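Look at the structure, then follow the dialogue.

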Amino acid sequence: MAFFHRRSKREVQIDMARLPRHIAIIMDGNGRWAKRRGLPRKAGHAVGAETFRTVATFAKELGLDYLTVYAFSTENWKRPEDEISSIMALLEKYLHEAIETMAKDRVKMAFFGDLSLLDPKLQALCHETERISRTYDGCQVNICLNYGGRDELLRAAQAFAADCVEGRADPGHLTQAAFSNYLFSAGVPDPDLVIRPSGEVRISNFLLWQSAYSEYYFTDVLWPDFSKKELLRAIADYQGRSRRYGGV
Ligand code: IPE
Ligand code: IPE
Ligand code: MG
């Protein structure tokens, strides 16, 4: 299928029969986007939140099964307090709006990360959106909030050890599939494609276990400038690759 965009001369071709089932995105570059315009970093986060809305809606329209986005890492607490509170305020605003519209869209929302460090009001909103959308069958959008891949693995190890102590699990019989169920992403298939905008070529503690065989796509475009067309470009690139999983 070819998608045409009003302002672009060339369309991006993707094969709708071979869509990745699960796309994960590191939403990076908001600060630099704002800096280039002489704006405060929080202005970049505000535009980045709009980009997230556009991309999540498009993912649903395309028919992706899962979209996972990195919104706030376990390391992002190192940032100035007013930047953190502006990101949290944007999340709160987004979740209020999602609650209004999610019945129509049938989008299922989930959160990966330790929510207990968030403001209680925001925690309650996260739980509320998860509860409302639990039975929805549209695209599942996972928002990684206070998420870190190492933190996730450590928690999984702790939970598994606790199950062993209680006699509910046996260290000698732990499989990869069983261990996956201790992760925040339990039940969600691994991402087929991980996209990182902003020009950084690193993983920054994102989905360390789950991305073992994901395809990576890096682009210099900053997240606030990311668009439907950029997503199509990433999908087209992904569709040109040969996934061998260690085979031939
Ligand atoms: C991503 O944009 C948003 C978060 C990490 C919360 P940044 O704020 O990291 O933007 P840059 O990387 O400084 O441009
Ligand atoms: C990764 O971006 C985290 C999110 C996008 C939420 P960062 O901007 O925090 O990552 P580094 O510092 O460039 O590795
Ligand atoms: Mg960054």
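Predicted model: local features only at pLDDT ≥ 70, side-chain atom pairs only at ≥ 80, totals over all residues.

Q: At what angle do helix α3 and helix α4 pack?
A: Compare the directions of the two axes. Helix α3 (residues 81-105) and helix α4 (residues 120-133) pack at about 25 degrees, and their axes are 10 Å apart. Angles under 35 degrees count as roughly parallel. That makes α3 roughly parallel to α4.

Q: Is the crossing of α3 and α4 left-handed or right-handed?
A: The crossing of α3 and α4 is left-handed.

Q: Which residues in α3 meet α4?
A: Look along the facing sides. Met88, Leu91, Glu92, Leu95, His96, Ile99 and Met102 in α3 are the ones. On the α4 side, the partners include Leu122, Leu125 and Ile132. By class, this contact has nine nonpolar, three polar and three charged residues.

Q: In what order do the six strands form the sheet?
A: The order is β5-β6-β4-β3-β7-β8, in an open sheet with parallel pairing. β5 (108-112) and β8 (215-218) stand at the edges with a single partner strand each, so one side of each has no neighbour in the sheet. Neighbouring strands are turned by 20 degrees against each other on average, direction ignored.

Q: How many bridges pair β5 and β6?
A: Count them along the two strands. β5 and β6 (residues 140-147) pair over five bridges, in the parallel sense. Phe112 has Cys144 in β6 as its bridge partner.

Q: Which strands does helix α2 touch?
A: Helix α2 (residues 41-62) packs on the sheet and touches β3, β4 and β6. The direction of α2 makes about 160 degrees with that of β4.

Notes: Residues numbered from 1 in each chain as written. Chains lettered and ligands numbered in written order. Heavy atoms only, no water. Axes fitted to C-alpha atoms, helices over the stretch in contact; angles between N-to-C directions. Helix = DSSP H or I, 4+ residues; strand = E, 2+ residues; numbered from the N terminus. Parallel < 35°, antiparallel > 145°, perpendicular 65-115°, else oblique. Left-handed = near helix turned anticlockwise from the far one by under 90°. Contact = heavy atoms within 4.5 Å. Nonpolar A, V, L, I, M, F, W, Y, C, P; charged D, E, K, R; others polar. Pairing = 2+ DSSP bridges.
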